[in-house]
Amino acid sequence: MAHPKRKTSKTRRDKRRTHYKAVAPTLAKDPTTGEMHLYHRAHWHEGKLYYRGQVLIDKAEEATA
């Protein structure tokens with residue numbers, strides 16, 4: 001039966017076993033503004049906070065109120 005000549009370190013063993021890869025974040029296009037944004041995240045566009053094509057917060061309205 002074959003035996004290793006030297007003990008493999010935990011670091012070397014774990015490096016071999018990892019399969020993590022860097023992936024680009026998934027982007028979505030807002031149907032109302034056409035703006036690209038992170039999936040499942042609200043985003044600002046021209047002073048308004050949009051989520052799923054709807055305005056959540058309008059900075060202009062808050063400033064006047």
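Biologist: How many bridges join β3 to strand β4, and in what direction do the two run?

Modeller: This is a predicted model, and in it three bridges join β3 to β4 (residues 48-51), with the two strands running antiparallel. Two strands pair if there are at least two bridges between them, so β3 and β4, with three bridges, count as paired. Within this part of the chain, Trp44 stands opposite Leu49 in β4.

Biologist: What makes β4 and β5 a pair?

Modeller: Four bridges join β4 to β5, again in antiparallel fashion, and since at least two are required, these strands therefore pair. Lys48 stands opposite Asp58 in β5, and in the hairpin of β4 and β5, which has two residues between the strands, Arg52 takes a positive phi near 55°.

Biologist: Why are β3 and β5 said to stand at the edges?

Modeller: The three strands form an open sheet in the order β3-β4-β5, with antiparallel pairing. β3 (43-45) and β5 (54-58) each have a single partner strand, so one side of each is left without a neighbour in the sheet. Neighbouring strands of this sheet are turned by 40° against each other on average, direction ignored.

Biologist: How do you know whether Lys29 is buried or exposed?

Modeller: Its relative accessible area is 58%, and because exposed means over 50%, Lys29 is classed as exposed. Lys29 is found in strand β1 (residues 27-29), and, leaving aside residues up to four places away in sequence, Lys29 touches Gly34, Glu35, Met36 and His37.

Biologist: Which class does Leu38 fall into, and why?

Modeller: Leu38, placed in strand β2 (residues 36-38), has 42% relative accessibility; the value lies between the 20% and 50% limits, so Leu38 counts as partly exposed. Together with Leu27 and Met36, Leu38 makes a nonpolar surface patch of about 290 Å².

Biologist: What makes Ala42 partly exposed?

Modeller: The relative accessible area of Ala42 is 40%, which is again between 20% and 50%, and therefore the label is partly exposed. Ala42 lies in the loop between β2 and β3 and touches Leu49, Tyr50, Tyr51 and Leu56, not counting residues up to four places away in sequence. From Ala42 to Thr64, 22 residues apart in sequence, the C-alpha to C-alpha separation is 23 Å.

Technical notes
Residues are numbered from 1 along each chain as its sequence is written. This is a predicted model: local features need pLDDT of at least 70, side-chain atom pairs count only at pLDDT 80 or more; totals for chains, interfaces and linings use all residues. Side-chain values use heavy atoms; hydrogens and water are left out. Buried means under 20% relative accessible area, exposed over 50%, partly exposed in between (1.4 Å probe, protein chains only). Contact means heavy atoms within 4.5 Å. Patches are made of residues with over 30% relative accessible area and no salt bridge: like charges are joined within 9 Å, nonpolar side chains (Val, Leu, Ile, Met, Phe, Trp, Tyr) within 5 Å. Accessible areas come from the Shrake-Rupley method with a 1.4 Å probe; for residues, only the protein chains shown count as cover. A salt bridge is a side-chain nitrogen of Lys or Arg within 4 Å of a carboxyl oxygen of Asp or Glu. Axes are lines fitted to C-alpha atoms, for helices over the stretch in contact, and angles run from 0 to 180 degrees between N-to-C directions.
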